[in-house]
Amino acid sequence: MKKHSPLLSGPYLVWTAAFIVIPLLMIVFYGLTDKNGAFTWENVASMGTPERMKALVLSLILSLTATAICLVMAYPLALILTNMKIGATAFITSIFIIPMWMNSLLRILAWQTLLERNGVINQFLEALHLPKQYLLNTPYAIAIGMIYDFLPFMLLPIYNALEKIDQNVLDAAYDLGANKLQTFWKVIFPLTIPGMISGIIMVFVPALTTFVISDFLGGSKVLLIGNVIEQQFTQVGDWNVGSGLSLVLMIFILISMALMQHYDKGGETAGLI
Amino acid sequence: MSTKLIDLQHITKSFDGQVVLDDLNLYIRENEFLTLLGPSGCGKTTTLRILGGFEKPDTGRVIFDGKDITDLAPNKRQLNTVFQKYALFTHMTIAENIAFGLRIRKKSEAYIRDKVSYALKLVNLDGYENRMPDSLSGGQQQRIAIARAIVNEPKVLLLDEPLGALDLKLRQDMQYELIRLKNELGITFIYVTHDQEEALTMSDTIVVMNQGYIQQIGTPEDIYNEPQNAFVADFIGDSNIIDATMIQDRLVSIQGVRFACVDTGFGTDRPVDVVIRPEDLKLREIPEDAGEGSDAYEEALNRVRKINPGYLTGTVSHLIFKGVHYEMEVQSGGYDWLVHSTKMYPVGTKVFMSVDPFDIQIMHKPESEDEQAVGVEDI
């Protein structure tokens, strides 16, 4: 068979260069230079101010929490979906997927209305004579927004991993004496680790860098590191500091992904003789 | 050898209203290599899954070693299964795969290590302990699946078309390997296949199934030489199945010609099916040049008549070289007879065709669809 012409990948290469590689290099350049273009670590080091450290720590806590809750919610749901008949699976999956067809801003705005001081949830609580909850503009509201927004990204990879497990493999485990629980922990769970890793990365990374969710549900009271960086670009207009902070965040993401991959390998080979 | 280890009693099973097994009765003896043979959808795999505990029969009991295990979960049964597509645990090393059942039973690590290396030696895969399943060939993976099952010392090993995914050469090697394993382990093998050659090679007993019914149970020789109905005859090996009339005991009329045979008890002037294996048909060239009545002609005819007083004349219409033998078709009386012979008769040759009385297999004609399916009453 004739090999495809390398020219075919041209548009993709141009796209990658123009919109991924060059911007990335620009961020590195801005992040490591001052206004006069001289090399400096200052932009990166400016992450160390108490206000920014607080935002970074809060971002890490919230995104880790949201990721953990997404995992805990998505795994059993994926298990239920895998064991359902085809029609029912399609129905439930679409319930989780259709909201993704809507603009994410709209979905977050909807949560604003729900969580407001006199919003739907509080009206409901009031009608039941229960104490009102003032969740909007707290970290809790941001966590709820993250979980709601990113749950499908956790659900789908886990569901796919579960779907791929051959029924014969499970039968083999029963056949060899394992009960349902042993089969889950020794066979199903390890086989879905790659799916969980994908899900964790796909939830953790956007959660760590979001500024939209915290803008709408955190008001100006709760600042995440995403908001801090956004402000540097849109309000302060200091591209150098904004880029420097972005670099720090990227390093956090790279470290977390490396950790996940390391853990994945551990999972694959755990329990060696 | 004669103890009943497993007894399947009146097993019925249907899926979505479709009957897969209908009142199946079968017993399996200790140390037997028993093969369930039949086309896809005949119920052989369902029978195996009922034995393994993966399916519950709608009615009927499964008796194992004198105990009713019909409702026992798969993980509580003293049998292990080798699955069609290996079903290895891809996230574990070979050693972990084999040790799976032993770990569940909380055996000591020293015991597990011994057992794993013993099992690997048994399947000729010494030294593969730390490999991952994906790095092994299909044949090797299948051997690991067998090792994983036998380390648990089951009384019975269930094998669900284990060689189905392997190529021909490997399949033949594995057949010998399985027979050796069975003899070394001294346990019962229950083997499911649709490959009649595989069944004939390995089994002590073959159970031929079709449409949820057992068609015939017997040794490979019985099944091959004395098929009880047209389905079995057709399914096992090549055969000529033709309409005939049983004139009286030991005399059958095929295409209007009277042949001696050895079967009795079919009544007189009864329509029957006759099975003749292609290798049992004897051909002799008709010396045409000499002409009818000549010495050469009479000599040839006498030789043919020595085999059986009855004979047919026909013309070779097809000829294929098959390695060990020639495969020919001989047209006679409007029927194309399949003939296997080590002697070659070119296309167009006029031949006498005869068959030893012992090689004519007479079968009752099925009177109804149902009878066609049942075939065997008592086992």
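1. Two strands pair if DSSP finds at least two bridges between them. That cut-off is needed for the strand pairs below. The model is a predicted one. Strand β7 (residues 156-160) of chain B and strand β8 (residues 188-193) of chain B pair in the parallel sense, with five bridges. Within that pairing, B:Leu159 stands opposite B:Tyr191 in β8(B).

2. The other pairing to note for β7(B) is with strand β6 (residues 79-82) of chain B. These two strands are also joined in the parallel sense, over four bridges. Here B:Leu79 stands opposite B:Val156 of β7(B).

3. Is β7(B) enclosed by the rest of the structure, or left open, and why? Five of its five residues are buried, so β7(B) is largely enclosed by the rest of the structure. The side chains can be sorted by direction: B:Val156, B:Leu158 and B:Asp160 point one way from the strand, while B:Leu157 and B:Leu159 point the other way. All of these residues are buried, B:Asp160 among them.

4. The buried ones are B:Ile94, B:Ala95, B:Glu96, B:Asn97, B:Ile98, B:Ala99, B:Phe100, B:Gly101 and B:Leu102. Their cover includes two helices of chain B, α3 (109-122) and α4 (138-150). After α2(B) comes B:Lys106, which has a positive phi, near 60°.

5. Now the open sheet of chain B. It has four strands in the order β2-β1-β4-β5, and the pairing is antiparallel. At the edges stand β2 (18-29) and β5 (67-68) of chain B, each with a single partner strand, so one side of each is left without a neighbour in the sheet. Strand β4 (residues 59-64) of chain B pairs with β5(B) in the antiparallel sense over two bridges. In this pair, B:Phe64 has B:Lys67 of β5(B) as its bridge partner.

6. B:Phe321 has its bridge partner in β17(B), namely B:Tyr326. The two strands form a hairpin with four residues between them, and B:Gly323 in the turn has a positive phi of about 95°. With strand β19 (residues 350-355) of chain B, β16(B) pairs in the antiparallel sense over four bridges. There the bridge partner of B:Thr313 is B:Phe352 in β19(B).

7. How is chain B divided by its domain assignment? The assignment gives domain 1 (4-225) and domain 2 (230-364). The C-alpha centres of domain 1 and domain 2 of chain B lie 41 Å apart. Seven residues of domain 1 of chain B are in contact with five residues of domain 2 of chain B. On the side of domain 1 that touches domain 2, β9 (205-210), β10 (213-218) and α7 (220-225) of chain B each supply at least two residues. By class, the residues of that side of domain 1 of chain B are three nonpolar, four polar and no charged.

8. For chain B as a whole, there are ten helices and 20 strands. The C-alpha trace of chain B spans about 85 × 45 × 35 Å along its principal axes. Of the 379 residues in chain B, 42% are buried. Among the contacts in chain B with a separation of 6 or more, 66% come from residues 24 or more positions apart.

9. The last point concerns chain A. Two packed helices are described by the angle between their axes and the distance between the axes. The axes of helix α3 (residues 50-82) of chain A and helix α9 (residues 180-209) of chain A come within 9 Å and cross at roughly 145°. The crossing of α3(A) past α9(A) is right-handed. From α3(A), the residues that meet α9(A) are A:Ser59, A:Leu60, A:Ser63, A:Ala66, A:Thr67, A:Cys70, A:Leu71 and A:Ala74. From α9(A), they are A:Met196, A:Gly199, A:Ile200, A:Val203, A:Phe204, A:Ala207 and A:Leu208. Sorted by class, this contact of α3(A) with α9(A) has eleven nonpolar, four polar and no charged residues.

Technical notes. Residues numbered from 1 in each chain as written. Chains lettered and ligands numbered in written order. Predicted model: local features only at pLDDT ≥ 70, side-chain atom pairs only at ≥ 80, totals over all residues. Buried ≥ 20, exposed ≤ 12 C-beta atoms within 10 Å, placed from the backbone. Domains from an automatic or database assignment. Nonpolar A, V, L, I, M, F, W, Y, C, P; charged D, E, K, R; others polar. Axes fitted to C-alpha atoms, helices over the stretch in contact; angles between N-to-C directions. Left-handed = near helix turned anticlockwise from the far one by under 90°.
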